Amino acid sequence: MTLTRKRVLVTGGAGFLGSHLCERLLDEGNDVLCVDNYFTGRKDNIAHLLDSKYFEAHRHDVTLPLYVEVDEIYNLACPASPIHYQFDPVQTTKTSVLGAINMLGLAKRVGARILQSSTSEVYGDPAVHPQTEDYRGNVNPLGPRACYDEGKRCAETLFFDYHRQHKTHIKVARVFNTYGPRMHPNDGRVVSNFIVQALRGDDITLYGDGRQTRAFCYVDDLIDGLIRLMGTPADVVGPMNIGNPHEISVVDLAEQVIRMTKSTSKIVFRPLPQDDPTQRCPDIGYANRTLGWEPRIPLDVGLQRTISYFESVIAQRLEH
Ligand code: NAD
Ligand code: UDP
């Protein structure tokens, strides 16, 4: 067993997706190194993994080089919610671009395969619907979301250049909106915002008229997709959409959360943030054909699990 144990690096491993990925990789018998600067990640997300001798957590910023010996790299380090990635936009671009250069350099040196957690934001406010991987997107390079969108687009470019120039074994996943336990309660993303507001009886803040759409993937399905993509032959490089194609308007999501939490909260309307995409939904045909993958957890089931998680978070806070 020890001889076949893979050494896997997860950057951003203490974040929402990263912590679930570390957990799954550990469960599958890998030796996992989590690297994080704890900007939006939390030690609480990985505390339960620290007892394992095959799990290691290392405080490190991916904008700086990293020297470790690993077989696989999942590059997730980057704040993902608009309020967090707009907090220090220059650092966000550095994290995506310098982080990609450093992790690709590491992959090249040690001959590791490397997966980039890219984003549906590379499509911007899409004119093609649902979004297929060959659509080149509609991103405003000057707006407040550009630090994230253009940073991630440049990271994709770097991945493909390392692949062409250095034969680096790459995989690029375009992750669509994902939700579940361990989302940060204050990170401003719509699912966590609505659930926390509903559980507290606060107003539900709907941006714009709420007719903009998203398609929400439960975290376990997403992690399954990433791990399958990493396991594909070298000629499968992506980019590959990973997400749930069940599209819903934001106002319908608000009403569903209110119903499921039996909340007395009222919906209030707030201005739509600049460059907020009007519609988003993945075409997952490529992932389905290549990985034999599709999401399994319907929205009501995933929301119920996420509501239970936030109920326990709020109860713990009240206790303290
Ligand atoms: P998150 O904010 O919970 O996790 C990001 C992690 O990266 C955090 O632990 C943070 O501390 C760490 N980090 C940030 N900058 C760093 C740096 N310079 N050096 C080291 N660590 C750093 O967000 P998440 O939702 O878990 O997203 C993880 C990845 O998936 C991101 O790359 C994000 O762009 C991508 N993604 C997520 C979603 C989603 O809906 N959750 C959608 C599309 C793409
Ligand atoms: N949104 C909202 N109320 C909130 C938070 C978000 O109406 O309290 C909207 C937001 O304007 C966007 C959608 O929900 O149209 C998804 O926002 P999120 O920040 O979760 O993700 P992204 O815009 O990056 O897809």
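Predicted model: local features only at pLDDT ≥ 70, side-chain atom pairs only at ≥ 80, totals over all residues.

Leaving aside neighbours within four places in sequence, S81 is in contact with D187 and R189, where contact means heavy atoms within 4.5 Å. S81 itself sits in the loop that joins β4 (72–75) to α3 (82–85), helices (H or I, at least four residues) and strands (E, at least two) being DSSP runs numbered from the N terminus. A polar atom of the S81 side chain lies 2.6 Å from the backbone oxygen of D187, a polar contact being a pair of N or O atoms within 3.5 Å, of which, within protein, one must be able to donate a hydrogen and the other to accept it, while residues adjacent in sequence count only if both atoms are side-chain atoms.

Residues are numbered from 1 along each chain as its sequence is written, chains are lettered from A and ligands numbered from 1 in the order in which they are written, and side-chain values use heavy atoms, with hydrogens and water left out.

Turning to ligand 2, 18 residues surround it, the closest being V190, T205, R214, D276 and R280 (a heavy atom within 4 Å). A polar side-chain atom of R280 lies 2.6 Å from an oxygen atom of ligand 2. The protein buries 95% of the 520 Å² that ligand 2 exposes when taken alone (Shrake-Rupley method, 1.4 Å probe; for residues, only the protein chains shown count as cover).
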